[in-house]
Amino acid sequence: MIAKRYEEQLFEILTRERLTIATAESCTGGLVSHRITTIPGSSAYFLGGIVSYSNDVKQSLLGVPQDVLARVGAVSAECAVAMARGARAQIGADIGVSTTGIAGPGGATPTKPVGLVYIACSTPWGDHWEEHHFSGDRIETIKASADAALALVLEQLAHRADTTDH
């Protein structure tokens with residue numbers, strides 16, 4: 001049996017649970033939103049997304065605090081969580097998922113190498129984030145980041161199911 005793609009699994013769960021989702025993307029440039037919307041019927045649960053490449057957009061549209069950007073930068077867990085929360089709030093979704101990182105080949109610093117990506121998921125039952133270090137070229141990093149973002153949402157939905165079943 002062939003395993004279902006992440007976006008197919010999301011379709012089943014979000015439709016069944018009547019939950020909605022929104023995205024806030026930086027390094028993936030809209031790929032997470034694109035993947036979600038490749039599924040017919042995704043308009044029932046995908047409300048929209050914000051591609052926030054610049055810090056100004058992260059601040060003005062997603063509400064990422066200036067002190068977070070100044071203190072730890074856009075490529076950080078704090079920024080990813082603020083972006084996910086901002087997507088939920090601005091778009092009015094149950095779930096917000098975000099990506100922020102360095103896809104390369106440029107943009108790296110000694111403490112933030114190419115392939116460093118933070119992904120966050122904000123839900124009514126909590127906020128969760130992950131730090132990833134992907135290898136490969138820019139496209140491979142972007143694809144891996146989108147996979148990880150969708151997988152994190154599925155993990156949080158499974159966690160919710162585990163806690164509500166008991």
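1. Arginine 160 is partly exposed, at 22% relative accessible area; that class lies between buried (under 20%) and exposed (over 50%), with a 1.4 Å probe and protein chains only. Its partner is glutamate 17, in a salt bridge with the closest N and O atoms 3.0 Å apart. A salt bridge here is a side-chain nitrogen of Lys or Arg within 4 Å of a carboxyl oxygen of Asp or Glu. Arginine 160 sits in helix 6 (residues 138-165) and glutamate 17 in helix 1, 143 residues apart. Helices (H or I, at least four residues) and strands (E, at least two) are DSSP runs, numbered from the N terminus. Glutamate 17 is also partly exposed, at 32%.

2. A note on the basis. This is a predicted model: local features need pLDDT of at least 70, side-chain atom pairs count only at pLDDT 80 or more, and totals for chains, interfaces and linings use all residues. Residues are numbered from 1 along each chain as its sequence is written, and side-chain values use heavy atoms, without hydrogens and water.

3. The whole structure holds nine salt bridges. One of them joins aspartate 147 and arginine 35 at 2.6 Å, N to O. That pair links helix 6 to helix 2 (residues 31-37), 112 residues apart. Arginine 35 is buried, at 16%; aspartate 147 is partly exposed, at 31%.

4. Aspartate 127 and arginine 85 form another salt bridge, with the closest N and O atoms 2.5 Å apart. Aspartate 127 lies in strand 5 and arginine 85 in helix 5 (residues 77-91), so the pair ties together parts that are 42 residues apart in sequence.

5. There are two aromatic pairs. Tyrosine 118 and tryptophan 129 make a tilted one, 6.1 Å centre to centre with 50 degrees between the planes. Rings of Phe, Tyr and Trp (its six-membered ring) pair if their centres lie within 6.5 Å; planes under 30 degrees apart are stacked, over 60 edge-to-face, the rest tilted. Tyrosine 118 is buried, at 10%, whereas tryptophan 129 is partly exposed, at 46%.

6. Two backbone points remain. Most residues other than glycine have a negative phi, and most peptide bonds are trans. Arginine 18 has a positive phi of about 55 degrees. It lies in the loop between helix 1 (6-17) and strand 1 (21-25). Arginine 18 is exposed, at 74%. A cis peptide bond joins glycine 104 and proline 105, with omega about 5 degrees. Proline 105 is in the loop between strand 3 (95-101) and strand 4 (116-123).
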